[in-house]
Amino acid sequence: MSVRASLLSSVVLVTLVATPATAQDKSGAAQDIVVTARRADSARTEQQRAPNLVNIQPAETIAKYPDVNAAEALSRVPGVALSIDTAEGRFVNIRGLDGNLNGATFGGVVLLNTQPGGTYFNAAGRAVEFDTVPIGAIDRIVVTKTGTPDRDAEGLGGTVELTPRTAIGVKRPFAEITVGGGIETFAKTGLYRDEVVLGTPFGGTNADGKSPFSVVLTQFLYNDRRTFDDIEAAYYNDQPNTPDKAFDALELRKYAYDRRRFGYSGELDFTPNDDHRIYVRASMAGYNESARRNRLEIDGLGDPVAVDPANVNGLVATDASSVKTLRHYDETHRNLVFQLGGVHHMGDVTFDWFGAYSRASYFKHFDYNSTFAGPQGLRVAYDNTTDPNHPAFLVTGPSITNTANYALDSINNASEYDRDREYSYAGNLALPLHLAADDELKFGVKLRYRRKTAAPQNFSYAYNGPAAGLAQFTNASVGNNFYGDRYQLGALVDATKVETFLNNNMALFSQNTARDLSRNAGGYFDDTENVTSGYVQYKADIGAFGLLAGARVERTNAVYRGIARVVAPGIPDSYAPASSQHDYTNIFPTVQLRYTLQPALIARATWSTGISRPGFYQTIRSTSVDVGAGTVTTGNPALKPTYGNNFDLSLEYYLPGNGILSLGLFDKEFRNYIVARTARGSYPGVVGIASINTFDNVSAHARGVEAAIDYKIPGLHGFGIEANGSYVDSGAQVRPGEAIALPGTFQYTANGALFYEAHRLKVRLAGQYESKVLFGIGGSRATDVFQDRRITLDFNGSYDVTDNISVYFNAKNLTNAPLRFYEGSSNRPIQREYYDATLEAGVKIRL
């Protein structure tokens, strides 16, 4: 709070400093605002002149949408799809490929993953959680779809560069302040936002009227309290012995989230003249989240089960049981970036360099899970065929919502501290060869030293005391309406009462809180991954032709450490640290051609290459064994990195007013793509044939087309349209003899927006579409898990009251699009969460 208070207090100081300049030179003040607005013009020009295929979104474009974090802003870019969690964007997919396969940087410094166990698709633990980066800290977004040798080779789908705010070139102090509030309409809970950006030049002026120093500071805060309901199910997959849609369990879940997002960043620049620049920048961003999940669970719905004689679509389970649970956790995600760098022009030669430290951390402070045993031997008649999204059920026997029928059984707790740290150093030298007009030879080196650790701890407390009824742990005995009054969840469990009872009555619990290696053998790792790279590239313009060609070499030295289970005949199982080393060298050539057919019409043909290194949970040395179930889960330290050959053809027509019409084809061929595998065979300590779950390398591909239009309609002053869409056909042989789409690869994605921008008014109605996507690979096509298609609609409107003050209104998720998952086919849903709309209004001040 002290940092935030200092920044907010500084607004007054900056305002006082800026006011005389504004009063003395109103044209100068207006000019500064215009210069800022021109970033949209320069972004489109840069995209047009780029030697490779990029999409650039400046801060002005980002601000036209009701997006809170970088993930949501990225989803507006052509070919980028959004993966959400609890109604907010978190990960992004580029050209269909999930976030674990793409690269991300902040000011050229690699962004890291905060929570390896929380990544979607393939459990790779590499995807950057872009919801930790607030949009207020970003000057622009660059999505690179064809990599160049002077960039890290990571990124099979593409790479994301988040460019931080800067004050270089400003002539006077400035301040940008946003304050807003709103409501989450599902539960009528409030939200609050404030953003502050302060900048100023200082240190006098030179002969050109420029100051040698400039500084910019940003602060971001966004708090909300979100509540929503969820129905989840597991199916009893024993066909044909069991009916196809027989449940194994059904869960009614009520979530309550309290999320506090924060972000602070700053940059200090020293530019004594046009030939030299030295900068220092720092950024810290993330969020703290506290959540409570009340759950009513009905088990035993699939065995035994029979067709309901009273309902042709219904089933009857005769030996079901119920439990009530409460999960209460608190966790913090945080990304840190510190960077010192410079750019120096020495005649025709340009040298740039930087040293940086990047850290992503995940701290689960606590994670209490309390279980209350309920009635058993229940007869449950249920129908999940007539309306799969809202299954009907009738319980015969003791009430499953009455607190008197439940008693405390056990309490578990968990903590976790994960850290991902990297030191990086880079230097680049560029000089003309004068072989063609405006040519450049560029070469450089980069050193990256990374260490990533995951350290979970689990604790269990079995209750052995006198009966402790559920009623003493709730605030009310009345029922709790759930899912639009369709169901009753019963009284909600109070987390404070449960945790107080545990702390005051430890003697009544059998505790398993040992910190030996066996307790967390399946989740612990301590890996290092060091990459040494060098490159050379040449680019030139030869008449209408543009050429970029070169190669990058990366040497990877990795050590994977974990906890291995040691099994030997005649002695108890034991656990011991284990490690393995994996070193490899890759070369990444590229040839990228650009041809100017007309001044506004650009054709491109490119061949580029890239890499995705194995995920940290895919190579994990730790092994978990369930002897009773005969299953073994382990990583594969021998995995090879995925290598991609990328071929692109595109045509871009640049329209007046920063518009564009583009069409592109791409073909990505992957060698050693990593997939989950289940093999059957013998394993020490497991009687009979074991199911061994691990990972393996296969060949794969992703091919597709993307198109975009950004067009201000002539004759309709201020009206325009933005739209983009992509189609991806992907495949890999995940199961023997069966090729399926790559996990996390959306086949269809689309964005569309109708807007009006004139006479101080800006109004935009924007929609997004994502097709179904393979989320998790099961044992067969019937048990694969899919995330269902989503169609969302958002609104943003703003009005400039004066040149310095504007008001805005945002409305998100007007379609109340659910997050829905299903198993095998759409009529077998396993999760559906509805969030309803989020409404926000506020004021923006520019000084």
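**Strands and their partners**

Reader: In what order do the five strands of the open sheet with mixed pairing lie?

Author: Strands here are DSSP runs (E, at least two residues) numbered from the N terminus, and two of them pair if DSSP finds at least two bridges between them. The model is predicted, so local features need pLDDT of at least 70 and side-chain atom pairs pLDDT 80 or more, while totals for chains, interfaces and linings use all residues. Residues are numbered from 1 along each chain as its sequence is written, and side-chain values use heavy atoms, without hydrogens or water. In this open sheet of five strands, the order is 1-6-7-4-5.

Reader: Which strands form the edges of this sheet?

Author: An edge strand pairs on one side only. The two edge strands are strand 1 (54-58) and strand 5 (109-110).

Reader: Which residue of strand 5 is the bridge partner of phenylalanine 106?

Author: Strand 4 (residues 103-106) and strand 5 run antiparallel and are joined by two bridges. In strand 5, the partner of phenylalanine 106 is valine 109.

Reader: How many bridges join strand 26 to strand 29?

Author: Strand 26 (residues 601-612) also pairs with strand 25 (residues 574-598), antiparallel over seven bridges, and a hairpin of two residues links these two strands. Leucine 601 stands opposite tyrosine 653 in strand 29. Strand 29 (residues 642-655) runs antiparallel to strand 26, and the number of bridges joining them is twelve.

Reader: How many of the twelve residues of strand 26 are buried?

Author: Buried means under 20% relative accessible area, exposed over 50%, and partly exposed in between, with a 1.4 Å probe and protein chains only. Strand 26 is mostly covered, and its number of buried residues is nine.

Key: Helices (H or I, at least four residues) and strands (E, at least two) are DSSP runs, numbered from the N terminus.
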